[in-house]
Amino acid sequence: MNSIVLTAIVSALTLSVSSADIDISKLPSASDKKDLTFAKDIQPLFERSCFKCHGVEKQKGKLRLDSLEAALKGGENGPNIEKGKSAKSSIVISVARLIDDEAMPPEGKGKPFSKEEIGILRAWIDQGAK
């Protein structure tokens, strides 16, 4: 196989959906709850749905969500939370399941977030991810 064909195959396999291709109008609205915190409001959601693959024992994609510091750091693709910008935060796009290949948690790996829970996550991020 020549290098041009191999390069084309690798490029096709590593393409990701650009933010322009994501219809953020499909995101649930941010909750109107105030004073949300990681420990009280977000960590329990992550524990229920994400820790199996992104907790203390396992960190797929080098992403940990069991502490505020780790969640804000992000994983091998960089930060997935943009403070104050929930609609641009890849974690919101993932848990809202807007992109089939990036839906979190994957089918059968954890309980998906409800619309209300996505709204709480969005509000927490929009309020500064405290």
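## Surroundings of Trp 124

Beyond residues up to four places away in sequence, Trp 124 touches Leu 36, Thr 37, Phe 38, Ile 42, Leu 68, Ile 81, Ala 129 and Lys 130, where contact means heavy atoms within 4.5 Å. The model is predicted: local features need pLDDT of at least 70, side-chain atom pairs count only at pLDDT 80 or more, and totals for chains, interfaces and linings use all residues. Residues are numbered from 1 along each chain as its sequence is written, and side-chain values use heavy atoms, with hydrogens and water left out.

One of the residues touched by Trp 124 is Phe 38. Both Phe 38 and Trp 124 are buried (buried is under 20% relative accessible area, exposed is over 50%, and partly exposed is in between, with a 1.4 Å probe and protein chains only).

## Overall fold

The protein chain has six helices and zero strands, and its pattern along the sequence reads α-α-α-α-α-α. Helices (H or I, at least four residues) and strands (E, at least two) are DSSP runs, numbered from the N terminus.

Of the 130 residues in the protein chain, 34% are buried. Among contacts with a separation of 6 or more, 58% are between residues 24 or more positions apart. The chain exposes about 8,300 Å², of which carbon and sulfur atoms supply 53%. These areas come from the Shrake-Rupley method with a 1.4 Å probe; for residues, only the protein chains shown count as cover.

## Nonpolar core

The largest nonpolar core holds 26 residues, and Phe 46, Ile 91, Phe 113, Leu 121 and Trp 124 touch the most other members. At least two residues of this core come from each of helix 2 (38-49), helix 5 (90-95) and helix 6 (115-126). Helix 6 gives the most, with six residues. A nonpolar core is a set of buried Ala, Val, Leu, Ile, Met, Phe, Trp, Tyr and Cys residues joined through side-chain atoms within 4.5 Å.

## Aromatic pairs

The chain has three aromatic pairs. Rings of Phe, Tyr and Trp (its six-membered ring) pair if their centres lie within 6.5 Å; planes under 30 degrees apart count as stacked, over 60 as edge-to-face and the rest as tilted. One of the pairs is Phe 38 with Trp 124, which is tilted, at 5.9 Å centre to centre and 45° between the planes. Phe 38 lies in helix 2 and Trp 124 in helix 6, so this pair ties together parts that are 86 residues apart in sequence.

Phe 46 and Phe 113 form a tilted pair, because their ring centres are 6.4 Å apart and their planes stand at 45°. Phe 46 belongs to helix 2 and Phe 113 to the loop between helix 5 and helix 6, so the parts tied together are 67 residues apart in sequence. Phe 46 and Phe 113 are buried. Ring pairs join Phe 38, Phe 46, Phe 113 and Trp 124 in a cluster.

The charged end of Arg 48 sits over the ring of Phe 113, 5.8 Å from the ring centre. A charge sits over a ring if NZ of Lys or CZ of Arg is within 6 Å of the ring centre and within 35 degrees of the ring normal.

Arg 48 also forms a salt bridge with Glu 117, with the closest N and O atoms 2.6 Å apart. Glu 117 lies in helix 6 and Arg 48 in helix 2, so the bridge ties together parts that are 69 residues apart in sequence. Glu 117 is buried, at a relative accessible area of 13%, while Arg 48 is partly exposed at 32%.

## Other salt bridges

The count of salt bridges is four, a salt bridge being a side-chain nitrogen of Lys or Arg within 4 Å of a carboxyl oxygen of Asp or Glu. Among them is the bridge between the side chains of Lys 40 and Asp 41, at 3.0 Å from N to O. Lys 40 is exposed, with 51% relative accessibility, and Asp 41 is buried, with 19%.

Another salt bridge joins the side chains of Arg 64 and Asp 66, at 2.7 Å from N to O. Arg 64 is partly exposed, at a relative accessible area of 31%, whereas Asp 66 is buried at 13%.

## Ser 94 in helix 5

Ser 94 is part of helix 5. Its relative accessibility is 14%, so Ser 94 counts as buried. Apart from neighbours within four places in sequence, Ser 94 is in contact with Glu 102, Ala 103 and Met 104.
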